[in-house]
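Please keep the sequence and the model in view while reading.

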Amino acid sequence: MEEQTTFKPLDPLLHSELRLAVMSVLISVEEADFVYLKAQTGATAGNLSVQLDKLQGAGYIEVEKTFRGRKPCTLCRITEQGRNAFSGYVDALQSYIKKAGK
């Protein structure tokens, strides 16, 4: 008899290369500015902006718009909800890997 395989669901919001990359950066720092995130992810400014809006809308990150001198500065921080979502996503991926190894 075959064993029924059930996979943990993957968070569709995090199952996007750029959003996952942003969360991976933010999970390891207190905060990151837009320029740093853009450099780390290799994203275009427009695409990064759209993806940050989606993560913020889900409550996974906080976005603070401020100024450094006279230049606008966008700071991003991961929220507790975002940490939990990221952790759940990693756990789900690990369950896929374990099942693949059987």
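The sections below treat the basis of the model, its sheet, its cysteines, a helix pair and two further residues.

## Basis of the description

This is a predicted model, in which local features need pLDDT of at least 70 and side-chain atom pairs count only at pLDDT 80 or more, while totals for chains, interfaces and linings use all residues. Residues are numbered from 1 along each chain as its sequence is written, and side-chain values use heavy atoms, with hydrogens and water left out.

Helices (H or I, at least four residues) and strands (E, at least two) are DSSP runs, numbered from the N terminus.

## The sheet

Three strands form an open sheet in the order β1-β3-β2, with antiparallel pairing; two strands pair if DSSP finds at least two bridges between them. At the edges lie β1 (32–33) and β2 (61–68), each of which pairs on one side only.

Strand β3 (residues 71–78) is joined to β2 by eight bridges, and the two run antiparallel. Together β2 and β3 form a hairpin with two residues between them. In the turn, G69 has a positive phi of about 65°. Across the pair, F67 stands opposite P72 in β3, and V63 stands opposite C76 in β3.

T74 also lies in strand β3. With a relative accessible area of 17%, T74 is buried (buried means under 20% relative accessible area, exposed over 50%, partly exposed in between, with a 1.4 Å probe and protein chains only). Not counting residues up to four places away in sequence, T74 touches A32, D33, F34, V63, E64 and K65, where contact means heavy atoms within 4.5 Å.

## The cysteines

How many disulfides does the structure hold? There are zero disulfides, a disulfide being a pair of cysteine sulfur atoms within 2.5 Å. For C73, the nearest cysteine sulfur is that of C76, 9.0 Å away. That separation is too far for a bond.

Both residues are buried: C73 has a relative accessible area of 7%, and C76 has one of 0%.

## The pair α2 and α3

Two packed helices are described by the angle between their axes and the distance between the axes. Helix α2 (residues 34–41) and helix α3 (residues 45–57) pack at an angle of about 110°, with their axes 10 Å apart. Here axes are lines fitted to C-alpha atoms, for helices over the stretch in contact, and angles run from 0 to 180 degrees between N-to-C directions. The two helices are therefore roughly perpendicular to each other; angles of 65 to 115 degrees count as such, those under 35 as roughly parallel, those over 145 as roughly antiparallel and the rest as oblique.

In this contact, F34, L37 and K38 of α2 meet A45, L48, S49 and L52 of α3. The residues of the contact divide into five nonpolar, one polar and one charged. In this division Ala, Val, Leu, Ile, Met, Phe, Trp, Tyr, Cys and Pro count as nonpolar, Asp, Glu, Lys and Arg as charged, and the others, Gly among them, as polar.

## Two partly exposed residues

K38, in helix α2, counts as partly exposed at 34% relative accessibility. Leaving aside neighbours within four places in sequence, K38 is in contact with A43, T44, A45 and L48.

L10 belongs to the segment before α1 (17–26) and is partly exposed, with a relative accessible area of 21%. L10 and A85 are 75 residues apart in sequence and 9.8 Å apart in space, C-alpha to C-alpha. Beyond residues up to four places away in sequence, L10 touches H15, Y89, A92, L93 and Y96.
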